[in-house]
Amino acid sequence: MLGSGQTLVFSPKALKVFEKYRQISRSQPESGGLLFAKFDMPVIKIDIATPPQPEDRKSRFLFVSNPDTRRTIVRRYFRKGLHFIGEWHTHPQSEPTPSGLDVNSMKELFRQSVHELNYFVMVIIGNRTDNLSLWVSLHDATDMYQLSPCGSTDQSCNLTFAALRYRILGKYVGQESKSIK
């Protein structure tokens, strides 16, 4: 498979949000939010991971973002030059994997959104306390592609700033001139 040359990078600020909402205790519901990025090709940097909103539906094994609130937040960050590229949520698992509902929700979100991206990004945060465990995947209206962290299979991710990086193999998330409305 040819590489896309794109790298997905999580800012330390986004990683702090993931860490804060991990489901460490049994009483914590799933949490989630939206992902906003800047395109500096070939790097897609997720600068913002929004926290859960009061209008979202949450339980121990379910998180559903409120669509009206989501649209308001997407417009607010788009005016600031950031692009909505997907969603994140937690699972009460040490090594998170997507459920059928997760995969279908991303397909539906991709189909119903007005955008010019090739894929949306889904991040699931596990509940490990010794390390941040993430599932990261790309989604379109029909398929899902899991991403692996740089260094696990490909040593060519050589960015210099401290953040978590994922090499996007053979898939193009977006281009600099593309945007979401």
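**A helix and a strand**

Modeller: Helix H2 is followed by Gly81, whose phi is positive, near 90 degrees. The model is a predicted one, and what follows should be read with that in mind.

H2 covers residues 67–79, 13 residues in total. From its first C-alpha to its last, H2 reaches 19 Å, close to the 18 Å expected at 1.5 Å a residue. At the start of H2, a side-chain oxygen of Asn66 comes to within 2.9 Å of the backbone nitrogen of Asp68.

Which residues of H2 are buried? They are Thr69, Arg70, Ile73, Val74 and Tyr77. These residues cover an arc of only 135 degrees around the axis, which puts them on the same side of H2. Asp68, Arg75 and Arg79 are exposed, and they sit on the face of H2 turned away from its buried side. The partners on the buried side are three strands and a helix: the buried residues of H2 pack against strand S2 (32–40), strand S3 (43–49), strand S6 (83–90) and helix H3 (100–112).

For the strand, I have taken S8, residues 134–139. S8 is mostly covered, with six of its six residues buried. In a regular strand the side chains alternate between the two faces of the sheet. In S8, Leu134, Val136 and Leu138 point one way, while Trp135, Ser137 and His139 point the other way, and all are buried.

S8 has paired strands to describe. Strand S7 (residues 120–125) runs antiparallel to S8, and six bridges join the two. One of the residues involved is Phe120, whose bridge partner in S8 is His139. Strand S9 (residues 144–146) also runs antiparallel to S8, joined to it by three bridges. Here Ser137 has Gln146 in S9 as its bridge partner. A hairpin of four residues leads from S8 to S9.

Two residues of S8 can be looked at individually. His139 lies in S8 and is buried, with a relative accessible area of 0%. Its side chain makes a polar contact with the side chain of Ser137, at 2.7 Å. Leaving aside neighbours within four places in sequence, His139 is in contact with Met106, Phe110, Tyr119, Phe120, Met122 and Met144.

Leu134 and Ser148 are 14 residues apart in sequence, and their C-alpha atoms are 9.7 Å apart in space.

As for the setting, the protein has three helices and eleven strands. From the N terminus on, the order of elements is β-α-β-β-β-β-α-β-α-β-β-β-β-β. Of the 181 residues in the protein, 48% are buried. Among contacts between residues at least 6 apart in sequence, 70% join residues at least 24 apart. The accessible surface of the protein comes to about 9200 Å², and carbon and sulfur atoms account for 50% of it.

Terms used:
Residues are numbered from 1 along each chain as its sequence is written. This is a predicted model: local features need pLDDT of at least 70, side-chain atom pairs count only at pLDDT 80 or more; totals for chains, interfaces and linings use all residues. Side-chain values use heavy atoms; hydrogens and water are left out. Buried means under 20% relative accessible area, exposed over 50%, partly exposed in between (1.4 Å probe, protein chains only). Contact means heavy atoms within 4.5 Å. Accessible areas come from the Shrake-Rupley method with a 1.4 Å probe; for residues, only the protein chains shown count as cover. Two strands pair if DSSP finds at least two bridges between them. The expected span of a helix is 1.5 Å times one less than its number of residues. The arc is that of the directions from the helix axis to the C-beta atoms. A polar contact is a pair of N or O atoms within 3.5 Å; within protein, one must be able to donate a hydrogen and the other to accept it, and residues adjacent in sequence count only if both atoms are side-chain atoms.
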